[in-house]
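These exercises go through one structure step by step. Each task is followed by a worked solution.

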Amino acid sequence: MNALLIAGMTLAGGTIAFDHLVRPLPQWAAIALYSAAVILFLAGMIRSRKAG
């Protein structure tokens, strides 16, 4: 599994866990974090496709 895929999944999972378990995130922060996770996930999928 590509490191970018793992980073994207970890960022998305950490955002969800923090939002539900620790304290609610402001909407702008959640949007920024989820957007970064999607970008990392897509970049990892593109890199995996080109490598394989």
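**Exercise 1: Leu-40**

Leu-40 is partly exposed, with a relative accessible area of 26%. The model is predicted: local features need pLDDT of at least 70, side-chain atom pairs count only at pLDDT 80 or more, and totals for chains, interfaces and linings use all residues. Residues are numbered from 1 along each chain as its sequence is written, and side-chain values use heavy atoms, with hydrogens and water left out.

Solution. 
Step 1. The accessibility classes are buried (under 20% relative accessible area), exposed (over 50%) and partly exposed (in between), with a 1.4 Å probe and protein chains only. At 26%, Leu-40 therefore falls in the partly exposed class.
Step 2. Leu-40 belongs to helix α2. Helices are DSSP runs (H or I, at least four residues), numbered from the N terminus.
Step 3. Contact means heavy atoms within 4.5 Å.
Step 4. Leu-5 is 35 residues from Leu-40 in sequence, and their C-alpha atoms are 6.4 Å apart.

**Exercise 2: two helices**

Task: describe how the axes of α1 and α2 are arranged.

Solution. 
Step 1. Two packed helices are described by the angle between their axes and the distance between the axes.
Step 2. Axes are lines fitted to C-alpha atoms, for helices over the stretch in contact, and angles run from 0 to 180 degrees between N-to-C directions. The axes of α1 (residues 3-22) and α2 (residues 27-51) come within 7 Å and cross at roughly 160°.
Step 3. Angles over 145 degrees count as roughly antiparallel. Helices α1 and α2 are therefore roughly antiparallel to each other.
Step 4. Their crossing is left-handed, a term used if the near helix is turned anticlockwise from the far one by less than a right angle.
Step 5. Residues making the contact include Leu-4, Leu-5, Gly-8 and Thr-15 of α1, and Leu-33, Tyr-34, Leu-40 and Phe-41 of α2.
Step 6. The contact residues divide into 15 nonpolar, four polar and one charged. Here Ala, Val, Leu, Ile, Met, Phe, Trp, Tyr, Cys and Pro count as nonpolar, Asp, Glu, Lys and Arg as charged, and the others, Gly among them, as polar.

**Exercise 3: the span and cover of α2**

Solution. 
Step 1. Ala-30 has a relative accessible area of 16%, so it counts as buried. Its C-alpha atom is 8.3 Å from that of Asp-19, 11 residues away in sequence.

**Exercise 4: Thr-15 and Phe-41**

Task: is Thr-15 buried or exposed, and what does Phe-41 touch?

Solution. 
Step 1. Thr-15 sits in helix α1. With 3% relative accessibility, Thr-15 counts as buried.
Step 2. Leaving aside neighbours within four places in sequence, Thr-15 is in contact with Leu-25, Leu-33 and Tyr-34.
Step 3. Phe-41, in helix α2, is partly exposed at 32% relative accessible area.
Step 4. Phe-41 touches Leu-4, Leu-5, Gly-8 and Met-9, not counting residues up to four places away in sequence.

Note on methods
Parallel < 35°, antiparallel > 145°, perpendicular 65-115°, else oblique.
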